[in-house]
Amino acid sequence: GKFIVSPDTPYDWIVPQDTGLWQSYNPINDPCPSGYRIPTEAEWSAEIGTWNYTIAYSGFHSQLKLPAAGNRGNFHGYITNGSGSYWSSTVIGKNSRYLWMPPYTQLIKTVVRSSGMSVRCIKD
């Protein structure tokens, strides 16, 4: 009951959508503390390139120690899997990009913004 669901288009928590909520010009909505920010898609891709593991939970074996925290579905708010899912600040149309770490791979994918995923802030 405490997760905001969004089963209708544009599948976002805010209508009209605002692509700058996690950008530096609107810090009141940024989930990171001052001096930190959400990584971009390119930064997540570069991080994946440094990992020595291509097995399950590679993110946890990296220097970042990323746990497989799962995510919440936008239709019902339930935790949908045990893979690691981390937001990026990259926006693609009505959707956003994220790092997904299912067993045996790491991918950058696109998802609706009302999905619930982990946030990892990086220092500016």
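Three salt bridges are present in the structure, which is a predicted model. Two of them involve arginine 37. In one, arginine 37 pairs with glutamate 43, and the closest N and O atoms lie 2.6 Å apart. In another, the side chain of arginine 37 meets that of aspartate 124, with an N to O distance of 2.9 Å. Arginine 37 belongs to strand S1 (residues 36-37), whereas aspartate 124 is found in the segment after strand S5 (122-123), so this pair ties together parts that are 87 residues apart in sequence.

Arginine 37 has a relative accessible area of 27% and is partly exposed.

The remaining salt bridge is formed by the side chains of arginine 97 and glutamate 41, at 2.8 Å from N to O. Here too, distant parts of the chain are linked: arginine 97 is in strand S3 (residues 95-101) and glutamate 41 is in helix H1 (residues 41-48), 56 residues apart. Arginine 97 has a relative accessible area of 16% and is classed as buried because this value is under 20%. Glutamate 41 has a relative accessibility of 21% and counts as partly exposed. Through shared partners, salt bridges join Arg37, Glu43 and Asp124 into one network.

The protein contains 2 helices and 5 strands. Along the sequence, these elements follow the pattern β-α-α-β-β-β-β. Of the contacts between residues at least 6 apart in sequence, 55% join residues that are at least 24 apart. Buried residues account for 39% of the 124 residues. The accessible surface of the protein is about 7,300 Å², and 57% of this area belongs to carbon and sulfur atoms.

Confidence in the model was also examined. The mean pLDDT of the protein is 76, and 63% of the residues reach 70 or more. Confidence is highest in helix H1, at a mean of 92, and lowest in helix H2 (residues 58-61), at 75. Glutamate 41, the partner of arginine 97, lies in helix H1. Where pLDDT is low, the predicted coordinates should not be read in detail.

How values were computed. Residues numbered from 1 in each chain as written. Predicted model: local features only at pLDDT ≥ 70, side-chain atom pairs only at ≥ 80, totals over all residues. Heavy atoms only, no water. Salt bridge = Lys/Arg side-chain N within 4 Å of Asp/Glu carboxyl O. Buried < 20%, exposed > 50% of the residue type's maximum accessible area, 1.4 Å probe, protein only. Helix = DSSP H or I, 4+ residues; strand = E, 2+ residues; numbered from the N terminus. pLDDT = per-residue confidence, 0-100. Contact = heavy atoms within 4.5 Å. Areas by Shrake-Rupley, 256 points an atom, 1.4 Å probe, with all protein chains shown as cover.
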